[in-house]
Amino acid sequence: MSDVSAPARLMSDAETDTPARRLRKPPRLPTEESPLVRVSLIGLAVVLLLAFLLLPLVAVFTEAFRQGIDGFVEAVNDPDGIAAIKLTLLVAAISVPANLVFGVAAAWAIAKYEFRGKAFLITLIDLPFSVSPVVAGLVYVILYSTSHGVFGGYLQSHGLQIIFAVPGIVLATIFVTFPFIARELIPLMEEQGTTDEEAALSLGATGLRTFLTVTLPNVKWALLYGVLLCNARAMGEFGAVSVVSGHIRGLTNTMPLHVEILYNEYQFAASFAVASLLAALALVTLGLKSLLELRYADELAAGRRH
Amino acid sequence: MRTNSQPAAATEGFPMELDIRNIAKDFGGTAALHGVDLHVASGELVALLGPSGSGKTTLLRIIAGLEFPTRGQVFFGEIDASEKTVQERNVGFVFQHYALFKHMTVADNIAYGLRARPKARRPDEAEIARRVETLLDLVQLGGYGKRYPSQLSGGQRQRVALARALAIEPQVLLLDEPFGALDAKVRKELRRWLRELHDRTGHTTLFVTHDQEEALDLADRVVVMSNGQIEQVGTPEDIYDAPASPFVFDFIGEASRIPVTVKGGVPFIGDRAVSAGSGRRAPDGPATLYVRPENVLVRAGAAGEGIPATVATVHRSGSSRRLGVRIEGVDAVVEAIAPAEGLPLQVGASVAVGLRAPGVFATG
């Protein structure tokens, strides 16, 4: 049908004597699929989204509020629960800024300079993405455990506790969330090149001033985006943290670990209440992320226009 | 940098003469510049002209201090600037794609260099605002201070970049392909405007271009570069009328080539001697004669004075005709320009050809 009507339209445009014939149905674009294919593909996607994403999310909140607001507050407002929330916030508050510094430094080095081993550094930054978090946790145990770690003797003699303590949890979290900020910045900084920095330097600005007034503002939205993702992962990390934490209630339990413990103890309502907090965090992150993406896309487009 | 012991010409903001001595630059084994020497007088407007890869941008960046030479020195007046950083050199650099800070307004862009100064030399905000206004007026963008670069046209961005570079009262103004990213009409307007601006402000200015028309039209002197070397330095007239090398002949304007033999300093086409003008002499042996189309004089009839030839092609182009003339005895077709009316020139007609201002260079 379409392959007949498309030339017909061309013809009617070309023949200026006869009035252009209106097509009964606009022909389908070459890149469009037939309605049947479209409906079934979209339908499949919607069903999958509902079954695997939206339904569980609804379930979490339903379970959390099964015993009403009071039940929810009671479940969360338990000393161990409060401790878990505090610990999670503390871990995020240390590891996100740490990765912010590492990520910016790494992206800056990779995007703006040429040096030996650059490809290796990029691979290294991606390592946490490819390694199972459990392995990451185990590595820290092997290195820093006071009983059988490589540096165990030294740590023991200096009274330093890393594994089964907050430092270990922070280390594991930093490891797992390392790529988020660097990965977000590298492509953008590479695209931007060094001309803006050269312009600032040629106008007499110092290196630091150039970095603060030109380099950072040029990547601020990408940076925020990376921080957001990094934070979400830092708060939600389970595997690596589980290995190094030791699950000491009220001391080394983060929110995800606390959820698991409550669940294993058949305290479903409490478990889902804490889980719903994590889910809420995810929703807020997604919302902010979408907002940034709108803004960030503009910035990127502006970058290309220059 | 402003010290009392320096002569007046060495203080910042004053036009400055520029001396480039034996500058060479290697990039990881490949040479981008081989020992370039160049003197630029105070207040001069000089074009660095060459094809891409000729080293012209590298030279400009070395002068600015954005790149450091493998050897050689750069003098700003009496002062050796070779060891100075880009910040200390106080040059105004306009980048090819302007490199405006897109998160800042036009006014903030222009004020950037003033605000970046150490406290002792930094004007107060009121003074900065005043200078920004003056510069905006200078580049004919009064009232545009609050806009962002993305809200400006290409030509306007270019002028903001220029104002930003001028704000730091530079000793030297360097422009990298200043009109490269603009469309033809805007380019011509801006070219004229830049010339006027230069005549008013008098900055020693170097600009890089690959467009010969731009260089010949705008500059006091043109530096033709190829393969990391300077081929010729001269006024636009010198460069066009008396090219110093085959490269310049080919790169600037148009030229036809005729194989010749030089005997005793005189070039011969076949066994006919040609006047080689007063230019440089090629050594005896096989050589190539270069001549511009407008310098090829074609007379009808083989009997006349000149080199016998036949018309090979005729093209009408606007008010004139372009001829391809085959020189007898050698395998060469020479381009010539003839008036549209007048000479009865058809393909195959016998003519006599005279060559004005040819250049003869040893072949090889």
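This is a predicted model: local features need pLDDT of at least 70, side-chain atom pairs count only at pLDDT 80 or more; totals for chains, interfaces and linings use all residues.
1. Asp238(B) counts as partly exposed, since its relative accessibility is 39%. Together with Glu237(B), Asp241(B) and Glu294(B), Asp238(B) gathers in a patch of negative charge on the surface.

2. Glu294(B), one of the residues of that patch, also matters for reading Arg292(B), because it is the nearest side chain of opposite charge to that arginine, at 4.9 Å, whereas a salt bridge would require a side-chain nitrogen within 4 Å of a carboxyl oxygen. Arg292(B) is thus buried and yet has no salt bridge. Arg292(B) is found in the loop of chain B between strand 14 (285-291) and strand 15 (296-300). Once neighbours within four places in sequence are left aside, the contacts of Arg292(B) include Ile239(B), Tyr240(B), Pro243(B), Val248(B) and Phe249(B), and Glu254(B) is also among them.

3. Over all chains, a search of the whole structure finds 27 salt bridges. One of them joins Arg249(A) to Asp80(A), with 3.5 Å between the closest N and O atoms. Arg249(A) lies in the loop between helix 12 (239-245) and helix 13 (255-264) of chain A, while Asp80(A) lies in helix 4 (residues 79-112) of chain A, so the pair ties together parts that are 169 residues apart in sequence. With a relative accessible area of 36%, Arg249(A) is partly exposed.

4. Because Arg61(B) lies in helix 1 (residues 56-64) of chain B and Glu198(A) in helix 9 (residues 195-202) of chain A, the pair joins two chains. Both Arg61(B) and Glu198(A) are buried.

5. Within chain B, Arg322(B) and Glu335(B) form a salt bridge through their side chains, at 3.2 Å from N to O. Here Arg322(B) lies in strand 17 (residues 320-327) and Glu335(B) in strand 18 (residues 333-339), so the pair ties together parts that are 13 residues apart in sequence. Glu335(B) is partly exposed, its relative accessible area being 32%. Elsewhere in chain B, a network of salt bridges links Arg117(B), Glu127(B), Arg130(B), Arg131(B) and Glu169(B).

6. Most residues other than glycine have a negative phi. Asn22(B), however, has a phi near 50 degrees, and Asn90(B) has a positive phi of about 55 degrees. Asn22(B) has its place in strand 1 (residues 18-27) and is partly exposed, with a relative accessible area of 35%. Asn90(B), by contrast, is found in the loop between helix 2 (86-89) and strand 6 (91-94), and is buried, with a relative accessible area of 9%.

7. As for chain A as a whole, its secondary structure comes to 14 helices and 0 strands. Of the 306 residues in chain A, 36% are buried. Among its contacts between residues at least 6 apart in sequence, 70% join residues at least 24 apart. Chain A exposes about 17,500 Å², of which carbon and sulfur atoms supply 69%.

Note on methods. Residues are numbered from 1 along each chain as its sequence is written. Chains are lettered from A and ligands numbered from 1 in the order in which they are written. Side-chain values use heavy atoms; hydrogens and water are left out. Patches are made of residues with over 30% relative accessible area and no salt bridge: like charges are joined within 9 Å, nonpolar side chains (Val, Leu, Ile, Met, Phe, Trp, Tyr) within 5 Å. Accessible areas come from the Shrake-Rupley method with a 1.4 Å probe; for residues, only the protein chains shown count as cover. Lys and Arg count as positive and Asp and Glu as negative; His and the chain ends are not counted. The place of a charge is taken as NZ of Lys, CZ of Arg, CG of Asp or CD of Glu. Buried means under 20% relative accessible area, exposed over 50%, partly exposed in between (1.4 Å probe, protein chains only). Helices (H or I, at least four residues) and strands (E, at least two) are DSSP runs, numbered from the N terminus. Contact means heavy atoms within 4.5 Å.
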